[in-house]
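Q: I'm new to this one and would like to go through it piece by piece. Could you take my questions as they come?

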Amino acid sequence: MNLDDRKAKILRAIIQNYQETGEPVGSRTISKYSDLNLSSATIRNEMADLEEMGLIVQPHTSAGRIPTDKGYRLYVDELMEEKNQEVTEMKDFLIQRVDRLELLLKQMAKLLAMNTNYATMITGPSYNNTKLKFIQLSEMDERKLLAVIVVEGNIVKNTILDLERNIDPQDLLSLNLLLNSNLNGLTINEINLGIVKDLEEQAGEFGGLVRKILNAVADAIRNDGGMQIYTSGATNIFKYPELSDGQTASELIHTLEEKDQLRDLVKQGLDEDGREGIQVYIGEEMPMQTMKDCSVVTANYELSEGIRGTIGIIGPKRMDYGKVMDTLRTLMAQLDILFRPDDVPEDERGE
């Protein structure tokens, strides 16, 4: 939908004022915007046209106007085209290296909630078709073996195996060489029964241990526990009257705590072809009924080929879309810095 410049400015002014106050916006309020320089009568006529176009609505007689989902959609689409600058509010935090990805994601969710005053969610990365880079086997306590698994994106997964008997250091070295020379660069799906059988034969008396190690590697990388979602800021929804109604708030809190519906939303975004960059779901566009009064802004991050996850910010339909999108763009840039640092050799960074 194409609006002339005047209508576009009035719609933007209505949305921005409603974002700030949560109250219907009248023509007198809009006339105070210095860049418009229009009379209240002219603004009323333009607002009537915007209402006919379905972009704003008058909630009750003699009240001002509020944006519709369609109005928000037009505003967001134009805003997404205009926004290309990055905010720096979270740089100091994000450029600090965090050893464990899980800790980083939890801290990110918390900081996002504090920074935006909305609810936030961040999924742990999925490891579909992720290639193995390295396996390191080390003896821990008696009859315990530590397997350190490094996959694309320099993501580290650890698992501890129980041994039936102690293993000689030389035999352990041989197992490390055997596994890495045969498995480096393969995905879990490519490690088929033929490869496993061949490795078992080469390992001789340690064939059973090799199978046990490969099962542990598969479990660690496939993340069979299901998609992990970290949420924060659920109580922020009580700051917005339109979301703090007893039933509405209860349903939202339940959705954020149980997370099943959030997983469906994330999978929808990850599974659809071409879903790159920032996505915005407004009101009825949400796939779940419990969030029809909300807007959700999501962005998919990718640490390396096949290692992907989603960051989402959940708030009222009058959320500050500009700030939210700038914040997500900054996060994407900083994640790229964290997981593709300058000191990584070019042949390990990927295209």
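Q: Let me start with a single side chain: is tyrosine 240 buried or exposed?
A: This is a predicted model, and in it tyrosine 240 is buried, with a relative accessible area of 12%.

Q: And what is the relative accessible area of tyrosine 118?
A: Tyrosine 118 has a relative accessible area of 7%, and it is buried. The rings of tyrosine 118 and tyrosine 240 have their centres 5.7 Å apart, and because their planes stand at 35°, the pair is tilted.

Q: Where in the chain do tyrosine 118 and tyrosine 240 sit?
A: Tyrosine 118 belongs to the loop between helix 6 (101-116) and strand 3 (119-123), while tyrosine 240 belongs to the loop between strand 7 (229-232) and helix 10 (246-258). The two are 122 residues apart, and the pair links distant parts of the chain.

Q: How many aromatic pairs does the structure hold?
A: The structure holds three aromatic pairs.

Q: Which helices hold tyrosine 75 and tyrosine 321?
A: Tyrosine 75 is in helix 4 (residues 69-82) and tyrosine 321 is in helix 12 (residues 321-339), so this pair too links distant parts of the chain, 246 residues apart. Tyrosine 75 counts as buried at 6% relative accessibility, and tyrosine 321 counts as buried at 0%.

Q: Which residues do the ring pairs link into a cluster?
A: Tyr72, Tyr75 and Tyr321 are linked into a cluster by ring pairs.

Q: Changing topic to charges, how many salt bridges does a search of the whole structure find?
A: The search finds 13 salt bridges. Among them is the one between arginine 73 and glutamate 285, where the closest N and O atoms are 2.7 Å apart.

Q: Where are arginine 73 and glutamate 285?
A: Arginine 73 is in helix 4, whereas glutamate 285 lies in the loop between strand 8 (278-282) and strand 9 (294-304). Glutamate 285 is partly exposed, with a relative accessible area of 37%.

Q: What about glutamate 46, what does it form a salt bridge with?
A: Glutamate 46 forms a salt bridge with arginine 6, with the closest N and O atoms 3.1 Å apart. Glutamate 46 is in helix 3 (residues 40-52) and arginine 6 is in helix 1 (residues 5-21), 40 residues apart. At 8% relative accessibility glutamate 46 counts as buried, while arginine 6 is partly exposed, with a relative accessible area of 37%.

Q: Now helix 8, which of its residues are buried?
A: Helix 8 spans residues 193-203, and Val196, Leu199, Glu200 and Ala203 are buried there. They are on the same side of helix 8, because they cover an arc of only 100° around the axis.

Q: Why would residues spaced like that point the same way?
A: An α-helix has 3.6 residues a turn, so residues three or four places apart point the same way.

Q: And which exposed residues does the face turned away from the buried side carry?
A: That face of helix 8 carries the exposed residues Lys197 and Glu201. The helix is followed by glycine 204, whose phi is positive, near 60°.

Q: What is the average pLDDT of the protein?
A: The average is 78, and 79% of the residues score at least 70. Over residues 84-99, though, the pLDDT is below 50, and this stretch has 33 contacts in the model beyond near neighbours in sequence. Residues 341-351 also have a pLDDT below 50, with eleven such contacts. Where pLDDT is low, the predicted coordinates should not be read in detail.

Definitions and conventions. Residues numbered from 1 in each chain as written. Predicted model: local features only at pLDDT ≥ 70, side-chain atom pairs only at ≥ 80, totals over all residues. Heavy atoms only, no water. Buried < 20%, exposed > 50% of the residue type's maximum accessible area, 1.4 Å probe, protein only. Helix = DSSP H or I, 4+ residues; strand = E, 2+ residues; numbered from the N terminus. Arc of directions from axis to C-beta. pLDDT = per-residue confidence, 0-100. Contact = heavy atoms within 4.5 Å. Phe/Tyr/Trp six-rings, centres within 6.5 Å; stacked < 30°, edge-to-face > 60°. Salt bridge = Lys/Arg side-chain N within 4 Å of Asp/Glu carboxyl O.
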